[in-house]
Amino acid sequence: MLQAKGIKKTYGNLQILKGVDFEVSEGEIVSIIGASGAGKSTLLHILGTLDQPDTGSVTLKGREVNKLSGEILSVFRNQNIGFIFQFHHLLPEFNALENICIPAFIAKKSKKEAEKRAFELLDLFGLKDRAYHKPNELSGGEQQRISVARALVNHPSIVLADEPSGNLDSENANALHQLFISLRDNFKQTFVIVTHNNELAKISDRVVTMKDGLII
Ligand code: ADP
Ligand code: ADP
């Protein structure tokens with residue numbers, strides 16, 4: 001599904017990634033762990049086409065994404081990659097339904113099609129009665145599940161998550177992890193997750209450890 005080869009990245013005179021090779025298969029949940037500063041977020045950003053490597057390549061579904069740029073890259077990213085963050089980053093002025101629909105609107109889908117998919121996800125996540133709530137009217141766990149729905153609205157090939165349960169209590173964290181598992185089992189959804197959460201690492205299909213800019 002995703003292949004990264006020989007990824008190097010330098011900021012100033014600090015080499016953050018020193019030649020990373022990384023692969024993910026369809027329907028796999030891969031956790032990336034390692035000490036703070038190891039380069040995990042930098043790698044995730046490069047996998048997600050949010051940042052460019054200095055050298056190396058990233059191939060998603062057979063397409064070499066670091067050769068894309070501008071509008072073509074944004075469209076490709078929006079259609080193929082879903083993002084989940086530690087803090088949900090929902091837009092406070094918009095309700096849950098509207099927040100979930102945003103990537104679909106960017107992908108120029110009709111309101112009808114976007115909302116149909118959003119309600120499907122709300123239903124699947126047990127959040128149908130929260131559709132018209134603003135983020136500040138939702139609990140922390142609900143906010144994060146809405147952000148998962150937003151990540152999935154365009155049926156992305158892969159979901160990239162940076163500390164998705166980092167801001168949740170253990171009960172909500174476990175619920176989120178179980179949601180990832182069920183998305184993998186039922187829809188073959190692929191995940192790459194940067195995490196410090198041992199429980200999440202344990203239930204992943206594979207755990208990759210980074211140290212000083214390398215996968216060890
Ligand atoms: P991790 O996610 O493993 O904690 P990061 O990838 O966030 O590691 O960061 C690795 C190193 O790269 C850190 O020392 C960080 O300060 C540095 N770094 C990350 N992004 C930038 C940037 N945009 N400019 C300069 N340095 C950066
Ligand atoms: P938790 O502390 O378990 O994260 P909360 O006590 O914040 O949850 O919320 C419990 C329930 O109340 C949630 O289901 C949430 O949707 C609802 N809720 C919280 N705040 C508001 C609000 N301002 N308006 C409407 N519903 C709310």
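**Ground rules**

Because the model is predicted, local features need pLDDT of at least 70 and side-chain atom pairs count only at pLDDT 80 or more, while totals for chains, interfaces and linings use all residues.

**Entry: the annotated stretch**

I looked up the record before anything else. In an unreviewed entry, UniProt lists residues 2-216 under "domain: ABC transporter"; the positions are in the numbering used here, the feature name is shortened, and such annotations may be inferred rather than shown by experiment. Over residues 2-216 I get 38% helix and 26% strand, with the end C-alpha atoms 19 Å apart. My helices (H or I, at least four residues) and strands (E, at least two) are DSSP runs, numbered from the N terminus.

**Entry: ligand 1**

Which residues surround ligand 1? I find Y11, I16, A35, S36, G37, A38, G39, K40, S41 and T42, where near means that a heavy atom of the residue lies within 4 Å. Helix α1 (residues 40-47) supplies the largest share of this shell, three residues. By class I count four nonpolar, five polar and one charged. My classes put Ala, Val, Leu, Ile, Met, Phe, Trp, Tyr, Cys and Pro under nonpolar, Asp, Glu, Lys and Arg under charged, and the others, Gly among them, under polar.

Next I went through polar contacts (a pair of N or O atoms within 3.5 Å; within protein, one must be able to donate a hydrogen and the other to accept it, and residues adjacent in sequence count only if both atoms are side-chain atoms). T42 uses its side chain, with an N or O atom 2.5 Å from an oxygen atom of ligand 1. Ligand 1 taken alone exposes 560 Å², and the protein buries 57% of that. Areas are Shrake-Rupley with a 1.4 Å probe; for residues, only the protein chains shown count as cover.

**Entry: ligand 2**

Around ligand 2 I list R130, N136, E137, L138, S139, G140 and E142. That shell splits into one nonpolar, three polar and three charged.

R130 places a polar side-chain atom 2.8 Å from an oxygen atom of ligand 2. E142 also uses a polar side-chain atom, 2.7 Å from an oxygen atom of the ligand. For E137, a polar backbone atom is 3.1 Å from a nitrogen atom of ligand 2. Alone, ligand 2 exposes 550 Å², of which the protein buries 40%.

**Entry: pockets**

Rolling a probe the size of a water molecule over the atoms shows where empty space is left. I work on a 1 Å grid over the protein atoms alone: a cavity is a set of points where a 1.4 Å probe fits but cannot get out, a pocket is an open set with protein on both sides within 12 Å along at least five of seven lines, and lining residues have an atom within 4 Å of a point. Points join across faces, edges and corners, and a volume is the space filled by probe spheres set on them.

The largest pocket comes out at about 350 Å³. It has 17 lining residues, and R77, N78, I81, F83 and P103 are the closest to its centre. α2 (70-80), β6, α3 and α5 (140-152) each give two or more residues to the lining. I count ten nonpolar, five polar and two charged residues there.

The second largest pocket holds about 220 Å³. Its lining includes R117, E120, H155 and F187. Which element gives the most to this lining? α4 does, with four residues.

**Entry: the cavity**

I46, T49, D51, Q52, P53, V58, V65, N66 and L73 line it: five nonpolar, three polar and one charged.

**Entry: positive phi**

H89 is not a glycine, yet its phi is positive at about 55°; I place H89 in the loop between β6 (81-84) and α3 (96-106). D212, also no glycine, has a positive phi of about 45° and lies in the loop between β9 (206-211) and β10 (214-215).

Definitions and conventions:
Residues are numbered from 1 along each chain as its sequence is written. Chains are lettered from A and ligands numbered from 1 in the order in which they are written. Side-chain values use heavy atoms; hydrogens and water are left out.
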